[in-house]
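Here are my notes on this model. Please read them with the structure open.

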Amino acid sequence: QVQLVESGGGLVQAGGSLRLSCAGSGGTLGGLTVGWFRQAPGQDREFVGSIWSGWRTNYEGSVKGRFAISEDNANNTVYLQMNSLQPEDTAVYYCAAGMGGTVPTRYDYWGQGTQVTVSS
């Protein structure tokens, strides 16, 4: 059973950066697709980006060029580097592992989420 723990969220001013971590245990993340999703109050959980095969990535349009996902196989951890953050990026961010894609139901394992708040 894969377990995921996110960390690195917090409060940042617009234009700032944060790096989120997703640490895996109970299984190797390298054999799965790891996705990042976010959910703002009153909104559906939305796809942010994903990584598979160690380096292949896919991003949602509004974060392309600002966010980057990377994988550290030695530490079984996936990172979400977020730059040029804007208030609309404010949400709870979740990492998930599974078959991949942009739909939450294709992911079997989820972390508890970490809050990211961007002030204007």
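1. Strands here are DSSP runs of E, at least two residues long, and helices are runs of H or I, at least four residues long; both are numbered from the N terminus. On that basis, the chain has zero helices and eleven strands. From the N terminus on, the order of elements is β-β-β-β-β-β-β-β-β-β-β. Keep in mind that this is a predicted model.

2. Overall dimensions come next. Along the principal axes, the C-alpha atoms fill a box of roughly 40 × 30 × 25 Å.

3. Now burial and surface. Of the 120 residues in the chain, 42% are buried. The accessible surface is about 5,900 Å². Carbon and sulfur atoms account for 46% of that surface.

4. Contact range can be stated briefly. Take the contacts between residues at least 6 apart in sequence: 56% of these join residues at least 24 apart.

5. Strand β3 covers residues 18–25 and strand β8 covers residues 77–82. They pair in the antiparallel sense over six bridges. A23 has T77 of β8 as its bridge partner.

6. The largest nonpolar core has 26 residues. Those with the most contacts inside this core are W36, F67, V78, L80, M82 and Y93. Which elements give two or more residues to this core? They are β3, β4 (33–39), β5 (46–52), β7, β8, β9 (91–98) and β11 (114–119). The largest share, four residues, comes from β9. As background, nonpolar side chains tend to be buried together in soluble globular proteins.

7. Finally, inspect L80. Leaving out residues up to four places away in sequence, L80 touches L18, R19, L20, W36, V48, F67, A68, I69 and Y93. W36, F67 and Y93 are also listed among the residues with the most contacts inside the core.

Notes
Residues are numbered from 1 along each chain as its sequence is written. This is a predicted model: local features need pLDDT of at least 70, side-chain atom pairs count only at pLDDT 80 or more; totals for chains, interfaces and linings use all residues. Side-chain values use heavy atoms; hydrogens and water are left out. Two strands pair if DSSP finds at least two bridges between them. A nonpolar core is a set of buried Ala, Val, Leu, Ile, Met, Phe, Trp, Tyr and Cys residues joined through side-chain atoms within 4.5 Å. Buried means under 20% relative accessible area, exposed over 50%, partly exposed in between (1.4 Å probe, protein chains only). Contact means heavy atoms within 4.5 Å. Accessible areas come from the Shrake-Rupley method with a 1.4 Å probe; for residues, only the protein chains shown count as cover.
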